[in-house]
Amino acid sequence: MAVLFHPPVDTLRKYMFVLPCLFPMSSSFQGDGFQSNTARLPLSSRMVLCALRPQLLKSSTSVGAWGRLLQRQSSGSVYSNIHGFNQEEIREKLLAFPGGSIDLHKHDSGIAVLTINNPSRMNAFSGSMMVDLEEQVRQLENWMDGKGLIVQGAAETFCSGSDLNAVRAISNPQDGMKMCMFMQNTLTRLLRLPLISVALVEGRALGGGAELTTACDFRLMASDSVIQFVHKHMGLVPGWGGAARLVHIVGSQNALKLLGGTLKVDPKFGLQIGLADGVLEGPQAEEGAETPLQQAENWLSRYIKGPAPVIQAVKKVVLSGRELPLSEALRTEKDVFGTVWGGPANLQALASKSKHK
Ligand SMILES: CC[C@H](C(=O)O)C(=O)SCCNC(=O)CCNC(=O)[C@H](O)C(C)(C)COP(=O)(O)OP(=O)(O)OC[C@H]1O[C@@H](n2cnc3c(N)ncnc32)[C@H](O)[C@@H]1OP(=O)(O)O
């Protein structure tokens with residue numbers, strides 16, 4: 001059977017990180033007209049098409065199935081060329097403001113550590129760091145063995161937002177919009193990773209740094225740390241998606257107080273309003289005391305025990321529940337359920353007659 005509709009390759013790329021996991025590729029779909037019709041697409045796109053094929057075949061029209069499917073998935077990015085967003089153009093502009101780096105270390109435990117690294121500017125985001133972040137998120141989207149992610153700042157402070165030198169240089173409205181769309185896309189993709197993520201907040205998380213903490217599933221605060229949405233002081237509102245996410249996390253009343261009052265959120269206040277999910281033990285001089293990163297890894301480890309496909313499925317059903325209308329979320333949950341039902345972990349658990357005491 002021929003495939004009647006080929007979605008654009010860049011659209012396929014965008015959805016790649018979600019779809020292969022939802023609809024694992026079956027070799028029985030190789031070797032017929034489907035494969036030859038798609039042979040000229042890059043391998044990654046062909047994999048997605050193969051993965052999608054059962055869905056496409058079930059539908060009376062392939063276009064309809066594709067459209068519904070895309071609607072049902074949490075898409076990676078918010079903006080694309082149909083919104084006038086040109087990723088390459090803004091990438092070039094941002095690279096004109098170098099400094100610092102975003103470092104990624106993937107560990108065998110299934111936990112990756114992403115470090116915002118620009119200590120001489122309190123880990124402010126230079127333009128090149130924004131580009132780096134997008135590239136590291138792309139790496140994580142393709143990490144099949146991943147289960148958890150810790151986002152931290154270098155040198156015991158989290159992040160002081162945008163690099164004000166870059167902000168001054170691109171303060172015209174057009175460039176501001178482009179940077180805003182770029183960062184919204186990246187942070188949305190960060191939150192939508194099929195990994196359980198934690199922001200480890202030491203020192204200060206200000207402006208865009210506060211917004212970054214909301215792009216993680218959880219926030220752990222060191223005892224002397226502060227999260228502050230300082231945007232109003234700058235004559236601004238959050239633009240990296242931080243306001244929308246903050247409302248989901250703490251509710252609209254608290255979000256209004258934090259943004260309107262530029263309130264400093266310390267660990268106690270953070271726990272009270274639900275912005276913080278845990279507080280790390282203070283600095284300990286004794287030998288053998290856990291570092292903040294070790295504490296964060298321990299905290300996260302209880303939520304990521306088990307095989308990567310199951311943990312990733314957990315994140316996906318929660319993500320769809322968080323982002324989609326109920327009926328769409330239920331259908332996505334069914335699809336994700338189908339990826340683990342009868343899978344190795346499920347069969348092993350059934351064979352061992354496990355009891356949940
Ligand atoms: C508003 C929205 C926007 C967005 O969402 O995109 C932003 O995020 S704009 C940025 C918002 N953040 C700020 O305005 C932070 C400004 N900085 C400070 O308030 C202080 O520097 C602070 C509290 C982070 C640290 O104060 P402290 O006294 O401990 O250290 P210094 O001030 O001496 O800072 C050391 C060094 O870092 C430079 N620095 C700090 N933050 C930034 C920044 N965001 N951009 C560029 N550079 C920054 C600071 O200038 C010092 O550099 P030095 O060369 O030593 O003077």
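**A buried glutamine and beyond**

Modeller: Gln-152 has a relative accessibility of 12%, so this residue counts as buried. The cut-off for buried is under 20%. Keep in mind that the model is predicted.

Where does Gln-152 lie? Its place is strand E3, which covers residues 148–153. The side chains of Gln-152 and Thr-115 are joined by a polar contact of 3.0 Å. Thr-115 is also among the residues that Gln-152 touches, once residues up to four places away in sequence are left out.

Follow Phe-158 next. Thr-213 sits in helix H10, residues 208–213. Is Thr-213 buried or exposed? Thr-213 counts as buried, because its relative accessibility is 0%.

Step back for the setting. The chain has 16 helices and 9 strands. Of its 357 residues, 49% count as buried. Take the contacts between residues at least 6 apart in sequence: 73% of them join residues at least 24 apart.

Now move to helix H6, residues 87–95. Which residues of H6 are buried? They are Ile-90, Arg-91 and Leu-94. These three cover an arc of only 110° around the axis, which means that they lie on the same side of H6. The general rule is that an α-helix has 3.6 residues a turn, so residues three or four places apart point the same way. What do the buried residues of H6 pack against? Their partners are helix H7 (127–141) and helix H9 (173–191). The start of H6 has a detail of its own. There, a side-chain oxygen of Asn-86 comes to within 3.1 Å of the backbone nitrogen of Glu-88.

The axes of H6 and H9 are 10 Å apart, and the packing angle is about 105°. Angles of 65 to 115 degrees count as roughly perpendicular, and H6 and H9 are therefore roughly perpendicular to each other. On the H6 side, the contact is made by Gln-87, Glu-89, Ile-90, Arg-91, Lys-93 and Leu-94. They meet Asp-175, Lys-178, Met-179 and Phe-182 in H9. By type, the residues of this contact are 4 nonpolar, 1 polar and 5 charged.

H7 is the other partner. H6 packs on H7 at an angle of about 130°, with the axes 6 Å apart. That angle makes H6 oblique to H7. Gln-87, Arg-91, Leu-94 and Leu-95 in H6 meet Gly-127, Ser-128, Met-130, Val-131, Glu-134, Glu-135 and Arg-138 in H7. This contact divides into 4 nonpolar, 3 polar and 4 charged residues.

Next comes another helix pair. Helix H14 spans residues 308–323, and helix H15 spans residues 326–340. Their axes lie 9 Å apart, and they pack at about 175°. An angle over 145 degrees counts as roughly antiparallel, and H14 and H15 are therefore roughly antiparallel to each other. From H14, the residues in contact are Pro-309, Val-310, Ala-313, Lys-316, Val-317, Ser-320 and Gly-321. From H15, they are Ala-329, Thr-332, Glu-333, Val-336 and Val-340. That contact has 7 nonpolar, 3 polar and 2 charged residues.

Leu-319 is in H14. Leu-319 is buried, because its relative accessible area is 5%. From C-alpha to C-alpha, Leu-319 and Leu-275 are 18 Å apart in space, and they are 44 residues apart in sequence. Ser-327 belongs to H15. With a relative accessible area of 43%, Ser-327 is partly exposed. Ser-327 and His-233 are 94 residues apart in sequence, and their C-alpha atoms are 41 Å apart in space.

Back to the start, then. Gln-152 is in strand E3, and its side chain has a polar contact with that of Thr-115.

How values were computed:
Residues numbered from 1 in each chain as written. Predicted model: local features only at pLDDT ≥ 70, side-chain atom pairs only at ≥ 80, totals over all residues. Heavy atoms only, no water. Buried < 20%, exposed > 50% of the residue type's maximum accessible area, 1.4 Å probe, protein only. Helix = DSSP H or I, 4+ residues; strand = E, 2+ residues; numbered from the N terminus. Arc of directions from axis to C-beta. Contact = heavy atoms within 4.5 Å. Polar contact = N/O pair within 3.5 Å; in protein donor to acceptor, adjacent residues only side chain to side chain. Axes fitted to C-alpha atoms, helices over the stretch in contact; angles between N-to-C directions. Parallel < 35°, antiparallel > 145°, perpendicular 65-115°, else oblique. Nonpolar A, V, L, I, M, F, W, Y, C, P; charged D, E, K, R; others polar.
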